[in-house]
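Thanks for coming. I have one model to go through today, and I will keep to what can be read from the coordinates and one database record.

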Amino acid sequence: MAFWKFTALRLGLVAVFFVAGLYLQLGLVLSALVAAVLAWCVTYLFFRDMRDAAAVTLQSRFSEKTPPSRNRAELDDSAAEDSMLDSNPDVTIDADRKPREN
């Protein structure tokens, strides 16, 4: 959740600085560049705790100790393979290979 809060804050600042740049008639490209740099500077200087919390969230999500997240389709496929192997132990399942073209 900390990651999404920090991302929303930074995007909000980008939007505010972008509109300010357009108001000052800097042009689209220059306003976008200035907005991105200023938003980065403001969040870097004044929102250290929020940035650190977001970094910890990302670190824990992509850590080697964290098991991979699996969606519903992967869980259903795994259950189907397990039930097939339980009912017929002679069946081999090789999900890493591409299906043969007939």
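Let me start with one residue. Leucine 30 sits in helix H2. Please keep in mind that this is a predicted model.

Is leucine 30 buried or exposed, or does it fall in between? Its relative accessibility is 44%. Buried would mean under 20% and exposed over 50%, with partly exposed in between, so leucine 30 counts as partly exposed.

Leucine 30 also belongs to a nonpolar patch on the surface, together with Leu22, Tyr23, Leu24, Leu26, Leu28, Val29 and Leu33. The accessible area of this patch comes to about 860 Å². Two elements give two or more residues to the patch: helix H1, residues 2–23, and helix H2, residues 28–46. H2 contributes the most, with four residues.

Between H1 and H2 there is a loop, and glutamine 25 lies in it. Glutamine 25 has a positive phi, near 60°, and is not a glycine. With a relative accessible area of 72%, glutamine 25 is exposed.

Now the whole chain. It has four helices and zero strands, and from the N terminus the order of elements is α-α-α-α. Of the 102 residues in the protein chain, 8% are buried.

Next, the record. An unreviewed UniProt entry lists residues 7–24 and residues 30–47 under "transmembrane region". I would treat that as annotation, which may be inferred rather than shown by experiment. What does the model have at those positions? Residues 7–24 are 94% helix and 0% strand, and the C-alpha atoms at the ends are 26 Å apart. Residues 30–47 are also 94% helix and 0% strand, with an end-to-end C-alpha distance of 25 Å.

On to the charged side chains. In general, side chains of opposite charge can pair when their charged atoms come close. How many salt bridges does a search of the whole structure find? The search finds two.

One joins aspartate 52 to arginine 48, with 3.6 Å between the closest N and O atoms. Both residues lie in helix H3, which covers residues 48–61, and they are four residues apart, about one turn of the helix. Aspartate 52 is partly exposed, at 34% relative accessible area, while arginine 48 is exposed, at 56%.

The other salt bridge is between aspartate 76 and arginine 72, at 4.0 Å from N to O. These two are in helix H4, and because they are four residues apart, about one helical turn separates them. Aspartate 76 has a relative accessible area of 42% and is therefore partly exposed. Arginine 72 reaches 60% and so counts as exposed.

Last, helix H4 again, which spans residues 72–87. Glutamate 81 is in this helix, and its relative accessibility of 31% makes it partly exposed. Glutamate 81 is also one of the residues in a negative surface patch, along with Glu74, Asp77, Asp82 and Asp86.

To sum up: four helices, zero strands, a nonpolar surface patch that includes leucine 30, two salt bridges, and a negative surface patch that includes glutamate 81. That is what I have.

Technical notes: Residues numbered from 1 in each chain as written. Predicted model: local features only at pLDDT ≥ 70, side-chain atom pairs only at ≥ 80, totals over all residues. Heavy atoms only, no water. Patch = residues over 30% accessible without salt bridge, like charges linked within 9 Å, V, L, I, M, F, W, Y side chains within 5 Å. Areas by Shrake-Rupley, 256 points an atom, 1.4 Å probe, with all protein chains shown as cover. Salt bridge = Lys/Arg side-chain N within 4 Å of Asp/Glu carboxyl O. Lys, Arg positive; Asp, Glu negative; His and termini not counted. Charge placed at Lys NZ, Arg CZ, Asp CG, Glu CD. Buried < 20%, exposed > 50% of the residue type's maximum accessible area, 1.4 Å probe, protein only.
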